[in-house]
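Hi there,

Here is the structure I promised to pass on to you.

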Amino acid sequence: MFKIHTKYTPKGDQVNAIKELVDGLKKKTKSQVLLGATGTGKTFTIANVIEKTQKKTLVLVHNKTLAAQLYSEFKELFPNNRVEYFVSYFDFYQPEAYIPRTDTYIDKTAKSNQEIEMLRLSTINSLASSDDVIVVASVASIYASVSPEDFNEYRLILKQGEKLNRQQFLHNLVRLQYVRNDVENLPGNFRAKGDVIEVFPGYTDLFSYRISLFGDEIESIEELDILTRSVRKKHKIIEIVPANEYIANRDRFDESIKRIRKELDERVKYFKKENMLLEAQRIEQRTNHDIEMLTEMGYTSGIENYSRHLELRNKGDTPYTIFDYFKNDDWLLVIDESHMTIPQVRGMYNTDRSRKETLVDYGFRLPSALDNRPLNFEEFLAKIKSVIYVSATPNDWEKEQANNILVQQIIRPTGLLDPTLSIKPSKDQLKEVTKQLDAQIKNKERTFITVLTIKMAESLSVYLHERKYKVAYLHNELKTLERAKIINDLRRGKYDVVVGINLLREGLDVPEVSLVMILDADKPGLFRSEKSLIQTFGRAARNSNGRVIMFADSITKEMQAAMDETERRRNIQIAYNKKNKITPTTIIKPIFDDLKSDDGMKAMEAYFHKQNAPKNATKAIALLRKEMLIAAENREYERAAHLRDALIELEAKAK
């Protein structure tokens, strides 16, 4: 059973939002929208909905960092249930591509993360075997995965006292992609010495299973601590799942190879008929090499491009994803920040297909490679049974899906109000900016300034720096490490103000910021739309003195709509505070992840700033990787993500 463990209880709008969402799910309403303002506790609301409906749940978000944050929150709320984390297992991924204009072929380059691979496998195992599962996933979940039938078929059940053919068991472990290794205690390995077989599950590096035989009978099954080798517990029955997420079903391997050869013959004939001899030679050489590797080794680089044949699917069939593990259940999909996530899901299929069509047209891949793909939008929608779209600014599409019936969560239990809004003329705006900054500095509060172009941001930063303001410029070319450092330094007081173009990025919830100034608020464009303005206003909603100043010579309909919505939310919160005698207080939030305190960060800074010998880079890389793995083991996934990105930057710089 899903059971929340927390000292908090639903308050404010959370009470009604939970009731409305639960009632909608009980009435089999397919689509609902939770319009939740910043800081209203939307995650806590969804957790209560899960507890009350007892539905297996997939929470879909648009990036890894937000997924890590939500994973930590749900893990804390549901400590006794299976909360899983499912994102792309690549720290770095450069897909295979071909650029005809310059005749440039780019081979696939990928760096996988073993920790994330284990978490993905753990997710599939939980979905296949349990009901109390919450999966927090990025949009990578719409990409192909192992079919539920194959995964279930290749699981092994061992019971104490049952007969076991040792040789057949070892053969079955190899079929499940386990590797015999008598030295290293790594996930996905096994060792066998006499009547004792030890298996290291692919989804964890915390324990192994030791199976002791007496003749052909299982005498005991023990779970061993990887590090101390002590017995953690004894089992009567265990389940051994595949060592890797992708399983090649050897029983249909011969048929798969026949299908690949047949398609190759057809493709070579096509190219020769079209007098494309280079392409014919290319596809023949590449595919024959892959067939040879598959036949001899059971694996080849780019094996995913043959997934249609390996799974004996027909052309155009929908690939298997983790959505198929929910297929027979009454499950719930929650799409967080839906105004960002839905457009990503909608666009991924066409982006992937465009790249692969070029590879197919020029003989780098067989046409069946097009069926190794993410779900298209229609297929994605067809998988959904019940969905809750969560956003402070939902798009019109989400509203239409819910018949424009929105569940509103405006009230913040903390009592904090949406910021006050004012409009000032653009004439002499820089004079007004400096006047406001002086007042902010006197009150020891911080400021965000958002402008429209890179040139304006750079010019304004220089202007303020020349007048002795402590200013930083936040832009899209900054790496993750540098962005986090600037925000943390703003919170510490090293900077008074941060200038940027798009300050809507999640993670920019800085309680010390009490003022947001928006230059050229009346200019048309994406960053001055109603939704963007509301999101920008929200940057000042964590401080009790929060306010926004828009510099404009006219009031656009987008500005007016954003101001009306903000005023509506303020009035609701004011009435709630008055009724419950709540005094708004600024959120106290610890400064996240002071990366400079880590040895790896210090080594990295030394290398970047002094550009010393390569041995310093080697040292920094080793330290960063160690700290990243420790953070992952401690389930500090947001911190691990920052360290991972810093590691990638350093390795690229060192090369």
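This is a predicted model: local features need pLDDT of at least 70, side-chain atom pairs count only at pLDDT 80 or more; totals for chains, interfaces and linings use all residues.

Residues are numbered from 1 along each chain as its sequence is written, and side-chain values use heavy atoms, with hydrogens and water left out.

Let's start with strand β24 (residues 513-518). Helices (H or I, at least four residues) and strands (E, at least two) are DSSP runs, numbered from the N terminus. Six of the six residues of β24 are buried, so the strand is largely enclosed by the rest of the structure; buried means under 20% relative accessible area (1.4 Å probe, protein chains only).

β24 pairs with strand β21 (residues 446-450) in the parallel sense over five bridges, where pairing requires that DSSP finds at least two bridges between the strands. Within this pair, Ile 449 has Met 517 of β24 as its bridge partner. β24 also runs parallel to strand β25 (residues 547-551), joined by four bridges, and there Val 516 is partnered by Val 548 in β25.

Now for the residue: Gln 409 is found in strand β19 (residues 406-409). Gln 409 is buried, with a relative accessible area of 0%. Beyond its neighbours within four places in sequence, Gln 409 is in contact (heavy atoms within 4.5 Å) with residues including Asp 13, Leu 34, Gly 36, Thr 40 and Lys 42.

Enjoy exploring!

Note on methods. Buried means under 20% relative accessible area, exposed over 50%, partly exposed in between (1.4 Å probe, protein chains only).
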